[in-house]
Amino acid sequence: MRRLALIAAVLAAAIQPAFSAVYRADNTYAGDKLLSQPVFKTLAQAVAVLAPGDTLLVRGEYSEPLIPVNSGTKDNYITIQGDPGFILREGADIKADYIK
């Protein structure tokens with residue numbers, strides 16, 4: 001019976017979906033919108049909280065480097081993209097693995 005309970009616990013942990021979050025970096029944000037997640041003014045602040053599976057939506061122009069603190073994983077990338085309606089310019093030198 002213990003063996004069955006152990007197998008059930010392992011299977012439950014294995015099939016649990018990974019938690020992921022969506023964050024925003026917007027250096028033009030003035031606090032005029034009610035958003036469910038924080039808005040970071042700098043890329044450094046935003047990438048410091050990213051974990052595998054998270055998404056960062058970027059709005060505004062930045063001259064700072066994009067250096068994530070964490071890397072994604074083979075099965076759980078970190079996604080960094082332009083906020084809807086904004087384009088993230090190519091050529092960013094990202095020093096981390098499993099970032100798209």
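1. Lys-41 is partly exposed, because its relative accessible area is 41%, and partly exposed covers the range between buried (under 20%) and exposed (over 50%), judged with a 1.4 Å probe and protein chains only. Lys-41 belongs to the loop that links strand 2 to helix 2 (43-47). From C-alpha to C-alpha, Lys-41 lies 5.5 Å from Asp-26, although 15 residues separate the two in sequence.

2. On the basis of the model: this is a predicted structure, in which local features need pLDDT of at least 70 and side-chain atom pairs count only at pLDDT 80 or more, while totals for chains, interfaces and linings use all residues. Numbering starts from 1 along each chain as its sequence is written, and side-chain values use heavy atoms, with hydrogens and water left out.

3. The protein holds 2 helices and 4 strands. Here helices (H or I, at least four residues) and strands (E, at least two) are DSSP runs, numbered from the N terminus. Read from the N terminus, the elements follow the order α-β-β-α-β-β.

4. The 4 strands form an open sheet with parallel pairing, in the order 2-1-3-4. Two strands count as paired if DSSP finds at least two bridges between them.

5. Which strands does strand 3 join through bridges? Strand 1 (residues 22-26) runs parallel to strand 3 and is joined to it by 5 bridges. Strand 3 (residues 55-59) is also parallel to strand 4, with 4 bridges joining them. As for individual residues, Arg-24 is opposite Leu-57 of strand 3. Towards strand 4, Leu-56 has Ile-80 as its bridge partner, and Val-58 has Gly-82.

6. Is strand 3 mostly covered or mostly open? It is mostly covered, with 4 of its 5 residues buried.

7. Across the protein, 26% of the 100 residues are buried. The exposed surface comes to about 7,200 Å², of which carbon and sulfur atoms supply 57%. These areas come from the Shrake-Rupley method with a 1.4 Å probe; for residues, only the protein chains shown count as cover.

8. Contacts, meaning heavy atoms within 4.5 Å, can also be sorted by sequence separation. Of the contacts with a separation of 6 or more, 52% are between residues 24 or more positions apart.
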